[in-house]
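Hi everyone, thanks for coming. Let me put the structure up.

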Amino acid sequence: MTSNAQYLRSSPTSVGPDICIVGNGAVGKTAALGLAQAGFRVTLLAPPAKAAASDDASWDVRVYALNHTARNLLSSVRVWEAMDAARVAPVDNMTVRGDGIDAEGARAGLLSFDAYGARTDALAWIVEDRNLDTALDAALRFAPNVSVVHGRATGLSVAPDRATLSLDSGQRISASLVVGADGAHSWVRGQCDIGLDYRAYRQRAIVTNFSCEKPHQGVAHQWFSPTDGVIALLPLPGERVSLVWSAPDALADQLLGLPPAQLAERLATWAAPVLGALTPLQPEVVRAFPLALIRPHSMVAPRVALIGDAAHVVHPMAGHGMNLGFADVATLIQTLLAREPQLDCGDARVLRRYARARKEEVLLMQIATDGLNRIFSTQAEPLRLLRNVGMSIVNQIPFLKRGLIAHALGK
């Protein structure tokens, strides 16, 4: 079968798409598919191609908790159904526990959500990075209106009507709009006059996978600890769970030095009552990712729009970093389609509308995750009491829970 996508090699030839997307992650690839489907000519600038990895039946340690906005977007570009459904786990219930102790000696501070109460089929879906990436690559190979260029940008120049990327190959790509989807340390953002606020959390996300003795029943568990950070165990298909432990740096060093079996024993304090004994999945893989708050002062610049981690990086405790990126993509597509006929897709007025449309949700998520991290990092007894009592109170007020659930679902 002949592919519709064009994989261009290094040459001095210029290409003139409507939109050039810089970045090869899930958000950038989804943007390329969605914008092309909306009728735009799109070039995706990706790093030099690597040799394809062999099929691996192991479970990827990097997973995402995708909400309804993400699923709807991926379905619209025919990627959701192309993923291996046997490796996608719905989250039917979520429990969040604090670090308080009640009069009977049991843990206090509990917040729970369930799909039935939210009148939805699932709160979220746990998807492996590799499963999603494979489906996106397959869709790109046959996507009309998408050209994939493998190379690295070395320069960005902006004229009143076009933006031009210079590549290390000598090639130049001129487009009405450049979309920066190149991650937290975005090269595109760095070429623009966009300041940012950066704060390292001095934490790392420790990720790995386990099998569990007791069925997880589709429940995502999360525990807050002022000394140990945030521990999350997310359901995978079968009796398996994925760990995301946002640990202070000193503790992260200790955890990374442990064999996975000892790491499982360390988790028993939280996991044993609900999941029983944990056993590392084979092959035993443990990875770590540094955590930071990155808040660019703008999501747009002349002829440039930022999406995904290039536009905002938040603490992973709520699991919404990827969801924010997919919401960026959906909003950018809607904004470009709604523009006046006389305005091109890189017009400053159009880009300002995109930035305004994303400002509130992004700001709320930044404030919420950063605030929760601060509150649960303190060991001051009055704040410990307040946060645990607060969680229990919210858990008993239906309209507050409904609001939280709606936000989490992307609705």
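First, a term: buried means under 20% relative accessible area, exposed over 50%, and partly exposed in between, with a 1.4 Å probe and protein chains only. Please keep in mind that this is a predicted model, where local features need pLDDT of at least 70, side-chain atom pairs count only at pLDDT 80 or more, and totals for chains, interfaces and linings use all residues. Residues are numbered from 1 along each chain as its sequence is written, and side-chain values use heavy atoms, leaving out hydrogens and water.

Now the rings. Rings of Phe, Tyr and Trp (its six-membered ring) pair if their centres lie within 6.5 Å; planes under 30 degrees apart are stacked, over 60 edge-to-face, and the rest tilted. That rule gives two aromatic pairs.

One is Trp 80 with Trp 125, edge-to-face at 5.7 Å centre to centre, with 80° between the planes. Trp 80 sits in the loop between helix H2 (68-76) and strand E5 (89-91), and Trp 125 in strand E8 (residues 124-128), so this pair ties together parts 45 residues apart in sequence. Helices (H or I, at least four residues) and strands (E, at least two) are DSSP runs, numbered from the N terminus. Trp 80 is buried at 15% relative accessibility, and Trp 125 is buried at 7%.

Then there's Trp 245 with Trp 270: the ring centres are 5.6 Å apart and the planes at 80°, so this pair is edge-to-face. Trp 245 belongs to strand E17 (residues 240-248) and Trp 270 to helix H6 (residues 260-275), 25 residues apart. Both Trp 245 and Trp 270 are buried.
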